[in-house]
Amino acid sequence: MAAKLRAPGFYRAGAMMVGGFVFAALLTWLVRMATGHATYRHFLAWEAVVTVALLAVPIAFLVGIGGFDYWFYWAAGRPTRPEDHSGHGAYSWKDYFRVNTDHKVIGIQYLVNSFVFLLVGGLLAMLMRAQLAQPGSHFVDANTYNGLFSVHATLLIFLFMVPVFAGIGNFVIPLMIGAPDMAFPRLNALSFWLLPVAGAIMLLSFLAPGGAFADGWTAYTPLSINEPIGQTFFSVGVQFAGASSIMTALNFLVTIITMRAPGMSFFRLPLLVWANFATSLLVVIATPFIAASQFFVLLDRALGFNFFNAAKGGDVLMYQHVFWFYSHPAVYIMILPGFGIISEVLAVKSRKPIFGYRMMAFSLLAIVGLGFTVWAHHMFTSGMAAWVRIPMAITTVIIAVPTGIKVFSWLATLWRGVLNLDTPMLFALGFITTFTLGGISGIMLAMVPFDIHVSASYFIVAHIHYVLFGGSLMTIFAGVYYWFPKMTGRMFDERLGKWHFWTTFIFMNLTFGPMHLIGLQGMPRRVATYAAQFADWNLFISIASFGLGLSTLIFVYNIVTSWRGGPHAVSNPWRALTLEWQVSSPPPVFNFDRVPTVVGSPYEYGVPGAVHGILEPAPATVGAGSGSSMVRAPSE
Amino acid sequence: MPSRRSIVGTIVAAIIATGIGIALSYAIHWFPVQASTQARNTDLLYHVLVIASVPIFVVVVTVVLFSVWQFRMKPGEELKDGAPIHGNTRLEFIWTALPTVLVLGLVGYSFVILHDNEKKPAREIQIGVTGQQFYWSYQYPPSVTGGAPINSYKLYLPDNESVEFNMRSKDVIHAFWIPAFRLQEDVVPGITTHYRATPDRLGSYPVVCNLLCGVGHSLMRSTVHVVTPAQFRAWIRSQLATASSGSADATGGGSSG
């Protein structure tokens with residue numbers, strides 16, 4: 001037992017968590033005693049204890065599980081374990097439950113963790129739709145309902161959308177650029193373990209007295225300052241999820257910049273890598289702002305700083321500016337990696353080079369730049385200075401142009417291809433149509449007079465779900481099916497995959513389509529009940545949403561059974577050119593036996609004799625640029 | 001290459017689909033009744049946006065469906081590749097420039113509508129709006145009542161007269177939304193926010209709190225009554241009388257009108 005408590009793992013983590021809680025209790029007790037609260041009644045000022053414990057216990061868990069071991073050993077001057085890669089690879093399911101430095105294991109950890117939270121978040125949505133099936137329903141009370149949609153949005157944004165793309169990127173990017181791993185494997189492991197911590201904090205808020213945080217995922221002040229203790233779970237949970245995001249983004253940036261195989265110039269990078277490069281820039285610059293916004297809230301709540309207390313000189317609207325300065329770029333964080341996935345799937349499944357490769361890459365960078373200039377379009381009716389609406393509306397419509405370039409380029413990629421309409425391709429094509437609808441309603445929302453009417457109505461709910469469900473989630477499904485053979489070494493069931501696509505596509509439109517209409521008609525969002533005039537559509541939407549929920553079970557069944565017993569996958573079932581398909585499925589522990597050499601574009605489908613990468617050691621003359629029978633210049 | 005006939009047929013089908021889409025956009029009752037001049041402007045803007053959007057959506061869907069129809073992998077083509085087309089600078093320039101012009105035109109038009117909706121008229125009345133968890137109250141200043149100020153839970157507005165709402169919050173942020181007017185603005189503690197409306201249709205319409213303000217948010221509704229100027233003056237007189245008699249509470253009674 002003592003040995004177990006000393007070795008990194010769950011036993012030590014449990015012990016450390018108890019220690020973390022005791023530390024929180026002692027610290028608050030000492031501080032309160034020192035500031036004149038030294039009566040026995042204040043000994044257990046449990047709100048203060050919980051607030052400190054929310055920070056201390058998760059950190060104690062991360063220490064216990066072994067996330068910091070290497071650095072502690074190094075800092076203490078004790079012998080560090082040299083990186084012998086003993087932490088690489090997973091040989092049983094138990095290996096996924098420990099700190100592992102292999103990017104492929106971490107990628108799977110990320111993905112499984114994210115999909116668990118997708119199911120939890122989806123389940124919360126089902127409960128919400130049960131409540132909304134009828135006006136005046138008492139399925140849950142109003143406070144619980146407010147908690148349901150707040151946790152729903154928070155989990156799906158911070159524990160699903162953002163990390164699931166990091167999971168796919170984690171698995172695929174090092175393979176795609178010909179690297180043995182990420183640049184910082186230990187940081188990679190730590191950034192994964194922050195996520196279940198953040199998710200647990202969010203979910204545990206349901207057990208807090210007064211219920212879960214119930215101020216939406218936007219947590220607008222001053223309401224969030226006055227809410228019960230559940231709100232603190234949000235403020236703290238976001239810190240852990242945000243820290244994870246930032247670490248992974250830094251890791252991606254350094255990996256992509258420094259670890260590309262010889263010959264892999266930036267304009268030979270597959271677009272998934274470009275997309276994650278762009279996304280990581282957004283994450284690194286923007287995420288500190290939401291961290292700041294929630295630290296403000298935390299300080300207001302716990303210590304009475306009055307940042308947002310108008311009566312004490314606080315500025316209520318400041319919160320919204322800081323919050324949206326992250327949360328608008330965040331919608332690109334939640335879609336750009338999906339753009340990358342679609343580019344991979346469409347090129348391979350159309351058997352054609354991606355149309356306008358350079359414009360595809362530049363438009364990603366344009367979105368990164370413009371993404372920081374549009375945040376106040378979430379605030380057209382907030383009471384901010386009226387003139388700000390004008391420039392923000394203009395930048396908002398302009399950011400649609402690079403997005404439009406991508407859609408048109410994907411369409412042109414289909415032209416004169418040989419389209420293999422299997423499951424990943426269906427999701428990619430479905431994505432193009434539903435995402436276009438979400439993009440169009442987005443342009444409408446940039447129009448200030450129209451936005452003044454529908455802001456914060458169900459029209460917004462429809463728009464965000466067309467973008468995040470019809471957009472991002474479709475790309476995630478496309479990507480998970482596409483790389484499933486590589487990740488697991490098994491093939492998925494194609495027939496179930498098609499069923500999954502069609503049920504998702506149909507029920508998604510039936511669920512979120514009518515929300516546009518009831519929003520225009522005047523139904524506000526975030527309401528536990530509504531006027532009788534919206535009853536018919538809400539019943540319809542609820543029934544459709546249950547269908548949508550069930551369609552997800554097809555996916556889960558397919559993935560679980562195929563992973564356990566699907567037919568073995570060959571290394572390159574899609575005949576793709578990118579490097580990850582040139583190694584076995586699943587890839588060897590160190591990815592490549594020899595560092596590959598890249599000699600051409602990743603998308604030269606249909607070009608006779610085109611080569612992207614050479615896995616054999618390249619002839620010494622390649623670097624000097626002289627001819628070799630294996631090397632073909634990319635035709636432009 | 002796909003046959004000329006299939007391309008021409010598809011273009012015809014797309015044009016028909018665009019026509020049907022635009023016709024449908026007129027057939028659907030998107031909005032609640034229009035009860036303000038601003039509502040007429042905003043609805044017109046919406047219809048222009050829909051008419052501009054339908055062809056774009058049709059083009060995208062048509063290309064997807066046409067490609068699925070014409071370019072899908074047929075049996076025996078499992079190892080075939082598509083045409084190695086890498087790009088087309090002219091085409092890429094067109095689909096960058098055209099959408100830019102289109103969206104800038106639309107946003108410019110929206111600014112015209114915005115300016116029109118927010119223009120200060122020669123004459124307008126001022127009414128105070130107070131939001132608090134979880135109800136609205138309305139303040140009629142002496143300039144409107146011609147006597148003492150009135151505080152009421154009921155919102156009466158004279159028809160065809162511009163009104164500026166001056167909105168304050170006592171606790172958290174609310175949003176004062178009148179869907180029939182197509183107007184809303186947040187009601188923010190610490191500052192006074194404003195918008196103006198010109199009601200132009202008699203009747204009673206919902207007032208909705210449109211920003212999550214706590215556990216009672218979904219029931220924070222009220223009603224706006226647009227009445228003739230004569231009825232409005234009569235209502236003000238009755239409120240003044242109630243207030244001066246001092247019998248009933250001066251607030252006009254009733255929780256949410």
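Hi everyone, let me start with a definition: two residues are in contact if their C-beta atoms, placed from the backbone, lie within 7 Å. What we have here is a predicted model, in which local features need pLDDT of at least 70 and side-chain atom pairs count only at pLDDT 80 or more, while totals for chains, interfaces and linings use all residues. Residues are numbered from 1 along each chain as its sequence is written, and chains are lettered from A and ligands numbered from 1 in the order in which they are written.

Helices here are DSSP runs of H or I with at least four residues, strands are runs of E with at least two, and both are numbered from the N terminus. For the classes, Ala, Val, Leu, Ile, Met, Phe, Trp, Tyr, Cys and Pro count as nonpolar, Asp, Glu, Lys and Arg as charged, and the others, Gly among them, as polar.

Let's move on to domains, whose bounds come from an automatic or database domain assignment. Chain A has domain 1 (2-75), domain 2 (100-332) and domain 3 (570-636). In chain A, the C-alpha centres of domain 1 and domain 2 are 24 Å apart, and 11 residues of domain 1 are in contact with 12 residues of domain 2. Which helix gives the most to the domain 1 side of that contact? Helix H3 (residues 46-65) of chain A does, with nine residues. That domain 1 side holds eight nonpolar, two polar and one charged residues.

Chain B is divided into domain 1 (4-71 + 89-118) and domain 2 (125-245). The C-alpha centres of these two domains of chain B are separated by 37 Å, with 10 residues of domain 1 in contact with 14 residues of domain 2. On the domain 1 side, helix H2 (residues 37-71) of chain B gives the most, with four residues. That side has four nonpolar, five polar and one charged residues.

Now for some helix packing in chain A. Helix H17 (residues 458-488) and H18(A) pack at about 165°, with axes 7 Å apart; axes are lines fitted to C-alpha atoms, for helices over the stretch in contact, and angles run from 0 to 180 degrees between N-to-C directions. H17(A) and H18(A) are therefore roughly antiparallel, since angles over 145 degrees count as that, under 35 as roughly parallel, 65 to 115 as roughly perpendicular and the rest as oblique. Their crossing is left-handed, meaning the near helix is turned anticlockwise from the far one by less than a right angle. Among the residues that meet are A:Tyr466 and A:Phe469 in H17(A), and A:Phe512 and A:Met515 in H18(A). This contact has 13 nonpolar, five polar and no charged residues.

H17(A) also packs with H6(A): the axes come within 11 Å and cross at roughly 30°. That makes H6(A) roughly parallel to H17(A), and the crossing is left-handed. The contact includes A:Ile168 and A:Phe171 of H6(A), and A:Ile476 and A:Trp483 of H17(A). Its residues divide into nine nonpolar, two polar and no charged.

Finally, the sheets of chain B. Five strands form an open sheet in the order E3-E2-E1-E5-E8, with mixed pairing; two strands pair if DSSP finds at least two bridges between them. At the edges are E3 (150-152) and E8 (193-197) of chain B, each pairing on one side only. Strand E5 (residues 163-169) of chain B runs antiparallel to E8(B), joined by five bridges, and B:Met167 stands opposite B:Thr193 in E8(B).

Another open sheet of five strands in chain B has the order E4-E10-E9-E6-E7, again with mixed pairing. Which strands stand at its edges? They are E4 (155-158) and E7 (183-187) of chain B, each with a single partner strand, so one side of each is left without a neighbour in the sheet. E4(B) and strand E10 (residues 221-227) of chain B run parallel, joined by four bridges, and B:Tyr156 has B:His225 as its bridge partner in E10(B). Helix H5 (residues 229-245) of chain B packs on this sheet, touching E4 and E10 of chain B, and its direction makes about 140° with that of E4(B).
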